[in-house]
Amino acid sequence: MKQKKLALIVLVAVATSIGGFLLASDHIDAPAVKNQTTDITDLYVFNGSDTNNLVFVANTQGLLAPSATAAAAFDPNTLIQFNIDNNGDNVEDLVIQAIYADGKMNFYGPVKPSTTGIRSKLEGDIIGSVAVTAYGAGSPVTYTTGSGIMVFAGPRDDPFFFDLDQYHAIIAGKATGFNNPGKDAFAGTNVMSVVVEVPKKLLNSTGKINVWLTTKKKES
Amino acid sequence: MEKHYTVKFIAVSVLLTLGVIGCSKNNNHNPSPTPTIYYDQADQVGRPAINTVFIPASGKDSFNTTSPSQMPSIFTNDMKTSLMSLNPGYTTNLLGLTADQFISVLSTDVLNASTTGVTSFYNGTQVLTGRTLSDDVIDVELTLLFGGPDGSANPGLTSDHVNGNDKTFLTSFPYEASPW
């Protein structure tokens, strides 16, 4: 009995060390970003309805209940940046940047950054700005630049879906498999979203790009 | 005498005016330099759930502030340990990747995307050519983790049986559904 209990404790400890912050896609993935405006939930990259364009979606500040969404806001000290490698070395050749100021999201790029890596500055001039769509607005506010880049910023339904609770139960040794049907732990929750649709010709691509999304905090 | 004073007055006035203009010109052309504002990395994601699933708790913050090109040398061992802990029976997966090969793909956490074809995380034909809003990335990852060489192993672990979002996406920009 005692031995069995010890084995269970060891199993749970191992599971916790692997899955202690195993909360979802990238939602609340690490201690330093938990409940911060820098917390990324997901990155999406897909063809636009016009397949000459590629769409980049940055979702942040996940698991917002509807009652918390009106008060959720973008942070003027958080830089949201899409990093694009177009020559296969996994170093950014282009960046698309979004930063909030005075009710608007300002966009920069796609532009070759003057520095690469974990420390960034705003690159070049603002290419366009869009008013952040208010919670409860009838339709999303969008803006299209002269070069055909479309931008949006505001609260949206979290498009991510996963039976997270059952996964936790499995990792914790309390269940041996998923249920059918499963239960989407992200149903009814919102994220703060930035969406940019870019003509592919602006990406200098030979067919394949590598993309990663970063959030960066203004140095104090 | 009076004339002399007048000339002097004019000369002083001109000098003063020039001085004022000089000063204002100086201010316009040489403003005190605005310091460049820098931003330091806090969070990062390429493919879904890599940090959450494969990186041990002690490394999660560090993973978020490591550039993708630097990740393999730092995180490969931890990620392989996590893979073999989650699925001690791992041999190869549906993509034919051994544990080392699978981790070598995952350890550089970037989302690969095609700029010429269909964009999909995995649709049976396209593998890692993007990620659409409706892609069931969790089932793909569970299958690659637990499903064995043909995806049929551990059937209770290869799908969470949540197959789509709880709201319909828009067909045009910005594509995501309105908030709840």
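Start with β1(A) and select strand β2 (residues 53-64) of chain A alongside it: seven bridges join the two, and they run antiparallel. This is a predicted model. Pick V45(A) next. Its bridge partner in β2(A) is F56(A).

Now widen the selection to the whole sheet. Five strands of chain A make up an open sheet, ordered β1-β2-β10-β9-β8. The pairing is antiparallel. Which strands stand at the edges? They are β1 (40-47) and β8 (143-144) of chain A. Each has a single partner strand, so one side of each is left without a neighbour in the sheet. As background, strands of a sheet pair through backbone hydrogen bonds, either parallel or antiparallel.

Next, cross to the other chain. Select strand β11 (residues 208-218) of chain A together with β2(B). Four bridges join β11 of chain A to β2(B), and the two run antiparallel. Zoom in on V211(A): its bridge partner in β2(B) is L111(B).

How many residues does each chain bring? Chain A brings 86 residues and chain B brings 64 residues. Colour the chain B side by element. β1 (39-45), α2 (50-54), α3 (60-64), α4 (71-86) and β2 (111-114) of chain B each supply at least two residues of the side that touches chain A. β1(B) gives the most, with seven residues.

You will find 28 polar, 26 nonpolar and 10 charged residues on the side of chain B that touches chain A.

Terms used: Residues are numbered from 1 along each chain as its sequence is written. Chains are lettered from A and ligands numbered from 1 in the order in which they are written. This is a predicted model: local features need pLDDT of at least 70, side-chain atom pairs count only at pLDDT 80 or more; totals for chains, interfaces and linings use all residues. Two residues are in contact if their C-beta atoms, placed from the backbone, lie within 7 Å. Ala, Val, Leu, Ile, Met, Phe, Trp, Tyr, Cys and Pro count as nonpolar, Asp, Glu, Lys and Arg as charged, and the others, Gly among them, as polar. Two strands pair if DSSP finds at least two bridges between them.
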